[in-house]
Amino acid sequence: MINSTLKNAKILIVDDQPSNIDILNEFLEIEGYEEVISTNDSREVIDLYKSYKPNLILLDLTMPHLTGYDIMEQLKSIVSADTFLSIIVLTADATNEAKLKSLRLGANDFLTKPFDLVEVGLRIKNILFATYLHQQLQNQNEILEVKVKERTLELENKNLELQKAKEKAEESVRLKTAFLNNVSHEIRTPLNGILGFGQLLSNENLLPTERAKYLSMLDESSVRLINTVTSFLDISQLQSKSQTVFKLDIFPDDVIKEIVGFFKVRNKKKSLNINYQIPTNTNNIHLNTDKDLLHKILYHLVENAVKFTQEGNINIGFEKEGNNLIFFINDTGIGISDENKKIIFDEFAQGDSSSNRGYEGSGLGLSVAKGYVELLGGKIWLESELGKGSSFYFSLPLHSDGHEVVNIIRKKDLKIVNGVNTILVAEDDAINYLLLERILKNDHLILLHAENGKEAVEMCKENASIQLILMDLKMPVMDGFEATQEIKKFRNDLPIIALTAYTENEVRQQAIQAGCNEFITKPVNKEILFGKLKEYSISMD
């Protein structure tokens, strides 16, 4: 989605030398950019900006009529404050004075001729990515402003609740401020790591240890950015009441074991014991709930416990109480003060809200968890003592409240042959298949490839040794939904994991109804994928 957006960015090339324009035009066309115009007359730039509205200008400095400095001065007077116009200076003037003057006038980057086209391409991509995120920030801000105005107007019309309306309006203003502060920090911080280490990796003289370290930092920043954006989207869906619920009969201990396994792997460097505590008398209990939302609730609560617990124990489990299951997450962390207990589930709230706090995060995790618990018909609460740890609890009803019920079976009951395993990957995109092929490379694994759903169905009919399918949902000829339905008609016990770029809960519901056993969203997380395969007796060790 982001790549296609970047390729549609509007780029304006300004250079008095036609040969330079031809080189850049050809390079950008090869790179896939579709909206590129150019001029070798600096006097045309302002009119072109007004009519074309470029996202990025590649600007020479030394030109007849108007210099690049003159153009940047003129642009400052006509570009509105809320417009994010990026400028990369491409010049033969390699003096420090030229560089500093360009940056003072608003240039985002400075490259000297002759330039490395690969470097130019990377810098263009990085700056356009920053522009994309800035636009997303503006869009979210506009959405929030509209919602605040609508909510405020509604409350003002209720004269009998005037005081309550005033308080809610003030709270909306607080949320808006918190949103702007947090989204700026939590997007710019990992973005700085992505852009910074991305530029460092372009150095051909890096030692292998340095390159490995930079790649690790780049990966950490990318994961943090994805988690932040996901949290903002989740809270937006909750606030707009657009989050759907799809309830299944599930085994809650399976979800807890999956969460515990994930965090054990991710936090090997910490002196933490992460355990699950499941009473034997509830080991086979069924819970009718939305498995994906339950997973997210536990993920946020355990992530919170891990964040604020440097050493000691974190215990995750549940107990049956009447017609409810009571889940708990206990930690030996820093604890929460009585004052902060009142706001801990609010959007953007953390136990320590100062600017010098030692913990990253948008402060949305607990509010998202609370929203999902309530959406599933439960309640959430906590017990904590400052300096001695915290215990978070939430209840979920055991029985259905009218949502469609789909029965599932435990993964351990699926008969998978050990030894050499055969996996069918149904994926039409060559790059995505190549990535999976590299991730799943293993001496004990045979990988088969189907480029569409119809091929997947035929290969399953012809090859009884296939033990599991990784199924893309959007494919030509026959999509993954229909292919899954067809395969389940003659191999109902064959596990099928949907591996898709779709993230909507409605699509997940459609995939499960079609017969998929699991639903994993792209980009592929190697640890999550391996964890799912292990649950179906396919080990990647």
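Biologist: How many bridges join β7 to β9, and do they run parallel or antiparallel?
Modeller: In this predicted model, seven bridges join β7, residues 271-277, to β9, residues 311-321, and the two strands run parallel.

Biologist: Which residue in β9 is the bridge partner of Ile274?
Modeller: Ile314 is the bridge partner of Ile274.

Biologist: And β9 with β10, in what sense do they pair?
Modeller: Antiparallel, over eight bridges, with β10 covering residues 324-331. One of the pairs is Glu321 with Asn324 in β10.

Biologist: How many residues sit between the strands in that hairpin?
Modeller: The hairpin of β9 and β10 has two residues between the strands, and Gly322 takes a positive phi near 65°.

Biologist: Where is Asn323 found?
Modeller: Asn323 is in the loop between β9 and β10.

Biologist: Is Asn323 buried or exposed?
Modeller: Exposed, because its relative accessible area is 54% and the cut-off for exposed is over 50%.

Biologist: What does Asn323 touch, leaving out residues up to four places away in sequence?
Modeller: Asn323 touches Leu396, Pro397, Leu398 and His399. Asn323 and His399 are 76 residues apart in sequence, with 7.5 Å between their C-alpha atoms.

Biologist: Switching to helices. At roughly what angle do the axes of α15 and α16 cross?
Modeller: Roughly 20°, and the axes come within 8 Å. Helix α15 is residues 480-490 and helix α16 is residues 505-514.

Biologist: Why quote both an angle and a distance?
Modeller: Because two packed helices are described by the angle between their axes and the distance between the axes.

Biologist: So are α15 and α16 roughly parallel or roughly antiparallel?
Modeller: The crossing is at roughly 20° and angles under 35 degrees count as roughly parallel, so α15 and α16 are roughly parallel to each other.

Biologist: Left-handed or right-handed crossing?
Modeller: α15 passes α16 in a right-handed crossing.

Biologist: Which residues meet there?
Modeller: From α15, Phe481, Thr484, Gln485 and Lys488; from α16, Val507, Gln510, Ala511 and Ala514. The residues of the contact of α15 with α16 divide into four nonpolar, three polar and one charged.

Biologist: Zooming out, how many helices and strands are in the chain?
Modeller: The protein chain has 17 helices and 17 strands.

Biologist: What share of the residues is buried?
Modeller: Buried residues make up 47% of the 541 in the protein chain.

Biologist: Last one. Of the contacts between residues at least 6 apart in sequence, what share joins residues at least 24 apart?
Modeller: That share is 70% in the protein chain.

Definitions and conventions:
Residues are numbered from 1 along each chain as its sequence is written. This is a predicted model: local features need pLDDT of at least 70, side-chain atom pairs count only at pLDDT 80 or more; totals for chains, interfaces and linings use all residues. Side-chain values use heavy atoms; hydrogens and water are left out. Axes are lines fitted to C-alpha atoms, for helices over the stretch in contact, and angles run from 0 to 180 degrees between N-to-C directions. Helices (H or I, at least four residues) and strands (E, at least two) are DSSP runs, numbered from the N terminus. Angles under 35 degrees count as roughly parallel, over 145 as roughly antiparallel, 65 to 115 as roughly perpendicular and the rest as oblique. A crossing is left-handed if the near helix is turned anticlockwise from the far one by less than a right angle, and right-handed if clockwise. Contact means heavy atoms within 4.5 Å. Ala, Val, Leu, Ile, Met, Phe, Trp, Tyr, Cys and Pro count as nonpolar, Asp, Glu, Lys and Arg as charged, and the others, Gly among them, as polar. Two strands pair if DSSP finds at least two bridges between them. Buried means under 20% relative accessible area, exposed over 50%, partly exposed in between (1.4 Å probe, protein chains only).
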